[in-house]
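The following paragraphs lead the reader through selected features of one structure. Please keep the sequence and the coordinates at hand while reading.

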Amino acid sequence: MEGRDARGHYEELAAEYDEHWVYGPDYIPWMSGRIAEALRLGPTDRIADIGSGTGLFAREVAKRLQPHRPVLCVDPSEAMLGQLGMPPPADLTPIVASAEDIAEGRTRLPYEQLDAMWLKESVHHVADPAHTLRGLADRLAPGGRLLVVMLPATIQYPLFEAALARFEELQPDPAVIEGHLRAVGLSAGLSHVEHELRIDRDKYLGMVRARYMSLLSTFSDSEIEKGIEEMRVAHPEPVLVFPDRFAFILGRRGGESA
């Protein structure tokens, strides 16, 4: 396998995504809490998770928030959204669409305007972030908030060197994303949060083999196996400990919330 598009990557990974992606039991509650806090979510907000995948974070946010209206889980992969369950929980509504579909108005949402939306590690899949973020910002109600959560330009993951180098080639600069939000008329700010990860080495190697990060889908099977061997040599310790640092870029539309 020499590489594939992001949608195909997640379609293939959907059934095992939660198993391979979740580092440990405290990670999802921690990140969901940071998202809810940054967006200052309230139960009356009309909320969308753009690029929700299997709904890991939306599910946790809804559990904490008890929203009056379902959180919209927007993702182009029907297989990923299928992991929400059939039928999905009452507090989550799956929407099969890409960020571009929402930005361009090609997909109609249950809510004419949104009070809050977030994109968690999905902005790097967008071909034209400036244009798409403008379209998403246009969907915000007065006082609405848009949060982009993304990895920084460099990471300290225990990956093999070629994967780290490719990450730096593909990853957008958070400061550029902040500039895009300002350019569309939102007040915007950039901050960082960090979480220490502790994960069994063999589990992490299995996640890499399963290509839990989309950038890993750009490597062939033989390149992945070579990379895993490199990681074994570099990290003989049974438990890997490394920082997971995220950029939080928050934009807010002027005016009072609807």
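In this predicted model, the cover over the buried residues of helix α9 includes α7 (129–137), β5 (140–150), β6 and β7 (239–252). The residues in question are Pro 174, Ile 177, Glu 178 and Leu 181, which are buried within α9 (residues 174–183). Because these residues cover an arc of only 105° around the axis, they lie on the same side of α9.

Strand β6, one of the elements that cover α9, spans residues 187–200 and contains Glu 194. Which residues does Glu 194 touch, not counting those up to four places away in sequence? They are Trp 30, Pro 243, Asp 244 and Arg 245. As for Pro 243, 49 residues separate it from Glu 194 in sequence, while the C-alpha to C-alpha separation in space is 6.6 Å.

A further feature is the packing of two helices. The axes of α3 (residues 27–39) and α4 (residues 56–65) come within 9 Å and cross at roughly 70°. Since angles of 65 to 115 degrees count as roughly perpendicular, α3 is therefore roughly perpendicular to α4. The crossing of these two helices is right-handed. On the α3 side, the contact is made by Tyr 27, Ile 28, Pro 29, Met 31, Ser 32, Gly 33 and Ile 35; α4 contributes Leu 56, Phe 57, Glu 60, Val 61 and Arg 64. By class, the residues of this contact comprise eight nonpolar, two polar and two charged.

Conventions
Residues are numbered from 1 along each chain as its sequence is written. This is a predicted model: local features need pLDDT of at least 70, side-chain atom pairs count only at pLDDT 80 or more; totals for chains, interfaces and linings use all residues. Side-chain values use heavy atoms; hydrogens and water are left out. Axes are lines fitted to C-alpha atoms, for helices over the stretch in contact, and angles run from 0 to 180 degrees between N-to-C directions. Helices (H or I, at least four residues) and strands (E, at least two) are DSSP runs, numbered from the N terminus. Angles under 35 degrees count as roughly parallel, over 145 as roughly antiparallel, 65 to 115 as roughly perpendicular and the rest as oblique. A crossing is left-handed if the near helix is turned anticlockwise from the far one by less than a right angle, and right-handed if clockwise. Contact means heavy atoms within 4.5 Å. Ala, Val, Leu, Ile, Met, Phe, Trp, Tyr, Cys and Pro count as nonpolar, Asp, Glu, Lys and Arg as charged, and the others, Gly among them, as polar. Buried means under 20% relative accessible area, exposed over 50%, partly exposed in between (1.4 Å probe, protein chains only). The arc is that of the directions from the helix axis to the C-beta atoms.
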